[in-house]
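Please work through the exercises below with the sequence and the coordinates open side by side. Each begins with a task and continues with a solution in steps.

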Amino acid sequence: MQLDVVTLFPDWFEWFRGQRHIANALRGGHELRTLNPRDHTTLSGGQVDDTPFGGGAGMVLRVDVMDAALRAFYNADPVDLRRERRVIALTPGGRVLDDAFVDELAAEPAVTLLCGRYEGFDERIVQHFCSDTLSIGRYVLAGGELAAMVVADAVLRKLPGSLGHADSAVEESFSAALGGNPEYPHYTRPAEYRGWGVPEVLLSGHHEEIRNWRRARSDERGASSGGTPLP
Ligand code: ADE
């Protein structure tokens, strides 16, 4: 997959690229590129944003600057780009990211993520250049960069070769293998710690019973929507 991030802060992604499962994915032939709109503005002082028409706080990313940046990078009119690849505006009000959305993106050959800053994008960027909007949750971040990393992490780890074990991404929380439910609890050594034991069935070696127990715990977690109940 070719994953491009349009960001005013490309440096943030240097650290991210070095993290093991991301580095594995990149070594495996996937790409994570960044594009800085500031490198493509013709406005004085590297200006990329402006005050909102109608007044109000904050600054808005300009449509002409985004147009120039995308046009230079892809050598195409950005209006046509969304027919060739998913072009996604990261915004708190967008389509909320879940496992199904991640799977959808992991199946794409090419995705571009647009990071907003300040008050976000001129709406014409979203309307004319984007195929989707995406929110990582109903709260507001200072910009889209952390959201882009969340998307990149969730998507790249689904691709073959990024996780150590081929099955790790199959039977995991919210996957079809678990009927869309959260994952079952895990335990490891020591089998006894401060008097806290481990469910007997997991030590039994009965694969069928273990599978049933896990599925039942996963179903239980799915039924309690507020997360795992704690004592
Ligand atoms: N940009 C700012 N907040 C965001 C959020 N919650 N999701 C995606 N992009 C954002």
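The exercises that follow concern a predicted model, and they move from the ligand to the pockets.

**Exercise 1. Describe the shell of residues around the ligand.**

Step 1. Collect every residue with a heavy atom within 4 Å of the ligand; this gives 13 residues, and the closest are Thr-91, Ile-136, Gly-137, Tyr-139 and Leu-141.

Step 2. Sort these residues by class: the shell around the ligand divides into 8 nonpolar and 5 polar residues, with no charged residue.

**Exercise 2. Find backbone atoms that lie within polar-contact distance of ligand nitrogen, and then state how much of the ligand is covered.**

Step 1. Apply the cut-off of 3.5 Å between N or O atoms. A polar backbone atom of Tyr-139 is 2.8 Å from a nitrogen atom of the ligand.

Step 2. Continue with Ile-136, where a backbone N or O atom lies 3.0 Å from a nitrogen atom of the ligand, and with Leu-141, where a backbone N or O atom likewise lies 3.0 Å from a ligand nitrogen.

Step 3. Turn to the surface of the ligand, which exposes 260 Å² when taken alone, and of which the protein buries 96%.

**Exercise 3. Locate the ligand among the pockets, and characterise the pocket that holds it.**

Step 1. Compare the position of the ligand with the pockets: the space that the ligand takes is the largest pocket.

Step 2. Assign the ligand shell to secondary structure, where β5 (86-96) and β7 (132-135) are the elements that give two or more residues; β5 gives the most, with 3 residues.

Step 3. Describe the largest pocket itself, which holds about 350 Å³ of space and is lined by 23 residues, of which Leu-90, Thr-91, Pro-92, Gly-120 and Phe-121 lie nearest its centre.

Step 4. Classify the lining of the largest pocket, which divides into 12 nonpolar, 8 polar and 3 charged residues.

**Exercise 4. Which residues line the second largest pocket, and how do they divide by class?**

Step 1. Begin with the volume: about 200 Å³ of space lies in the second largest pocket.

Step 2. List the lining of this pocket, which consists of Asp-50, Thr-51, Pro-52, Phe-53, Val-60, Leu-61, Arg-62, Asp-122 and Arg-124.

How values were computed:
Residues numbered from 1 in each chain as written. Predicted model: local features only at pLDDT ≥ 70, side-chain atom pairs only at ≥ 80, totals over all residues. Heavy atoms only, no water. Polar contact = N/O pair within 3.5 Å; in protein donor to acceptor, adjacent residues only side chain to side chain. Areas by Shrake-Rupley, 256 points an atom, 1.4 Å probe, with all protein chains shown as cover. 1 Å grid on protein atoms, 1.4 Å probe; cavity = no way out; pocket = protein on both sides within 12 Å on 5 of 7 lines; lining within 4 Å. Sits in = over half its atoms within 2 Å of the grid points. Helix = DSSP H or I, 4+ residues; strand = E, 2+ residues; numbered from the N terminus. Nonpolar A, V, L, I, M, F, W, Y, C, P; charged D, E, K, R; others polar. Points joined across faces, edges and corners; volume = space filled by probe spheres on them.
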